Amino acid sequence: MILNLLNKCQLNTLAALLVITGLSVSAKASVNLAPPSLDDPYYFGQLTYHKKLACGTCPLSETTLEADKAEAFIKSLETDKQFLELLTAKERSAVAFYVKEFFSPRK
């Protein structure tokens, strides 16, 4: 009888461990995504915008870019002395691409 009770306790413990282990294994799912590339103009523009224009100490730190002002901002990338000095031509082009895509209608 004691042996039978011990076996039931061991089976219950084993079952509980299997359930716990099974739940933790099923919760571990990974997705392997390729990291964004600096050759992608959207990603490069996004990175440049946030690191060089919109960071806490950057020129646009206090500015909220809105859709109705996006076109004027894009034009200012090629005319504003501050942007011309701060960004390379490639960075200005990528930021313009990023902003256009960000504010374009979703497909």
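Of the 107 residues of the protein chain, 21% count as buried, meaning under 20% relative accessible area with a 1.4 Å probe and protein chains only (exposed is over 50%, partly exposed in between). This is a predicted model, in which local features need pLDDT of at least 70 and side-chain atom pairs count only at pLDDT 80 or more, while totals for chains, interfaces and linings use all residues. Residues are numbered from 1 along each chain as its sequence is written, and side-chain values use heavy atoms, with hydrogens and water left out.

**The whole chain.** Display the chain as a cartoon. Five helices and zero strands are present; helices (H or I, at least four residues) and strands (E, at least two) are DSSP runs, numbered from the N terminus. Among contacts (heavy atoms within 4.5 Å) between residues at least 6 apart in sequence, 52% join residues at least 24 apart.

**Helix α2.** Select residues 41–53, which form α2. Its buried residues are F44, G45, T48, Y49 and L53. Viewed down the axis of α2, these fall within an arc of 130 degrees, so they line one face of the helix; the arc is that of the directions from the helix axis to the C-beta atoms.

Next, select D40 and Y42. D40 caps the N-terminal end of α2, with a side-chain oxygen 3.1 Å from the backbone nitrogen of Y42.

**Helix α5.** Move to α5, whose end C-alpha atoms are 21 Å apart. This agrees with the 21 Å that its 15 residues should span at 1.5 Å a residue, because the expected span is 1.5 Å times one less than the number of residues. E91, R92, A94, V95, A96, Y98 and V99 are buried in α5, and their cover includes α2, α3 and α4.

Within α5, select R92. At 10% relative accessibility, R92 counts as buried. Leaving aside residues up to four places away in sequence, R92 touches L77, E78, F83, L84 and L87.

**Where α2 meets α5.** Two packed helices are described by the angle between their axes and the distance between the axes. The axes of α2 and α5 come within 7 Å and cross at roughly 105 degrees; axes are lines fitted to C-alpha atoms, for helices over the stretch in contact, with angles from 0 to 180 degrees between N-to-C directions. The two helices α2 and α5 are therefore roughly perpendicular, a class that covers 65 to 115 degrees. To finish, show side chains here: residues of α2 including F44, Y49 and L53 meet residues of α5, among them A94, Y98 and F102.

Notes
A polar contact is a pair of N or O atoms within 3.5 Å; within protein, one must be able to donate a hydrogen and the other to accept it, and residues adjacent in sequence count only if both atoms are side-chain atoms. Angles under 35 degrees count as roughly parallel, over 145 as roughly antiparallel, 65 to 115 as roughly perpendicular and the rest as oblique.
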